[in-house]
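Please work through each task before reading its solution.

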Amino acid sequence: MEKPPGSQASMDRKMRADVSHLTAFYKFCEVIYRSFIYLLGLVLDILQSSKDNWSSDTHESVCCKPTSVNYHFTRKCNYKCGFCFHTAKTSFVLPIEDAKKGLQLLKQAGMEKINFSGGEPFIEGRHGKFVGEIVRYCKEELGLSVSIVSNGSLIREEWFKNYGMYLDILAISCDSFDEEVNMMIGRHHNKERHLDIVRRVRDWCNKYHVAFKINTVVNVYNKNEDMSEAIQDFNPIRWKVFQCLLIGGENVGEEALKNAKEFVISDEEFQSFISRHANVKCLVPESNEKMRNSYLILDEYMRFLDNTNGTKKPSKSILDVGVQDALNDSGFDEQMFFKRGGKYVWSKGDMTLDW
């Protein structure tokens, strides 16, 4: 049966019309889709802007956690190191119960490790009883990793017998393995050789199962020394090597008790020292750039010290405003803390040590 004349042409026109309508519909859908994506982008930008404004208003540093804190509970010291950047500007020491309260607040805020420093931590109480009691408290009652930085001169074996079980790491400051250089720096007390002190404390650490560490400040007087053989002999778990740092009001400036300018070395000189000791496996170098804002420093009043501008600007005490509000004024660079390797194996129970 034949199709009526013109029916094919009519069908073609209808098909073309349908295709045209379908194409228009697709274009319409595309416009709607693009408009939706554009509007979604605007909404996300607004939300992000609101989040940024909220973070700014409430101090974005609230995201930071006081993972590792350095508590300088005393500024007093029996040594006279010329570059010291936490000097004896006060003789104040918190009552031990107040110190424990602050440490508990820090633990609740996320602190995992506490390091006690000074001044000289063992100067308080008879034979370091003050630091011994807070070390015991932090380990036994708060479950923290605990370390101390000391010059070693006031430590007695009796202290290890009473408190060594609670201490993970003991760092002894030793800037030279030439006793004359230690004398020029001011790292000495009475007539006892500092190196004899370091060796004696190292032996006690091994005897009482405390990880032994050495801290060294590179300065004008020791910058050309090769300490590789001596470090291997003392065999610390870590050898922390700092570049001499100037802090306004502490070791430089009109209000400072010391003038450490004569001790300062250049970045190139520091790097030369580090390169000379590159074969020492336990070496942990820290330049001024890495060190300046990557430590949470708590002073004798339990105030965080902001070193952003080259001085130590104190926050309010955590005992008065809480940890988080004080943290907001600490200037702490959490990213640099992790970048410099601030978090490592802190507990002696997790270390591989040959005692």
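**Exercise 1: A pair within a helix**

Trp-159 and Tyr-163 both belong to helix α4 (residues 157–163), where they are four residues apart, about one turn of the helix. The model is predicted.

Task: Determine whether Trp-159 and Tyr-163 are buried or exposed.

Solution. Step 1: Trp-159 has a relative accessible area of 2%. Step 2: For Tyr-163 the relative accessible area is 10%. Step 3: Buried means under 20%, so Trp-159 is buried, and Tyr-163 is buried as well.

**Exercise 2: A pair between loops**

Task: Classify the aromatic pair of Tyr-221 and Phe-263, and state which parts the pair ties together.

Solution. Step 1: The ring centres of Tyr-221 and Phe-263 are 5.4 Å apart, with 65° between the planes. Step 2: An angle over 60 degrees counts as edge-to-face, and the pair of Tyr-221 and Phe-263 is accordingly edge-to-face. Step 3: Tyr-221 lies in the loop between β5 (211–218) and α7 (228–234), and Phe-263 in the loop between β6 (238–243) and α8 (267–276), so the pair ties together parts that are 42 residues apart in sequence. Step 4: Tyr-221 is partly exposed, at 31% relative accessible area, whereas Phe-263 is buried, at 5%.

**Exercise 3: Charges over rings**

Task: Which ring does Arg-238 lie over, and which ring lies under the charged end of Arg-340?

Solution. Step 1: Arg-238 lies over the face of Tyr-344, 3.6 Å from the ring centre. Step 2: The charged end of Arg-340 is placed over the ring of Tyr-295, at 3.7 Å from its centre.

Conventions
Residues numbered from 1 in each chain as written. Predicted model: local features only at pLDDT ≥ 70, side-chain atom pairs only at ≥ 80, totals over all residues. Heavy atoms only, no water. Helix = DSSP H or I, 4+ residues; strand = E, 2+ residues; numbered from the N terminus. Buried < 20%, exposed > 50% of the residue type's maximum accessible area, 1.4 Å probe, protein only. Phe/Tyr/Trp six-rings, centres within 6.5 Å; stacked < 30°, edge-to-face > 60°. Lys NZ or Arg CZ within 6 Å of the ring centre and 35° of its normal.
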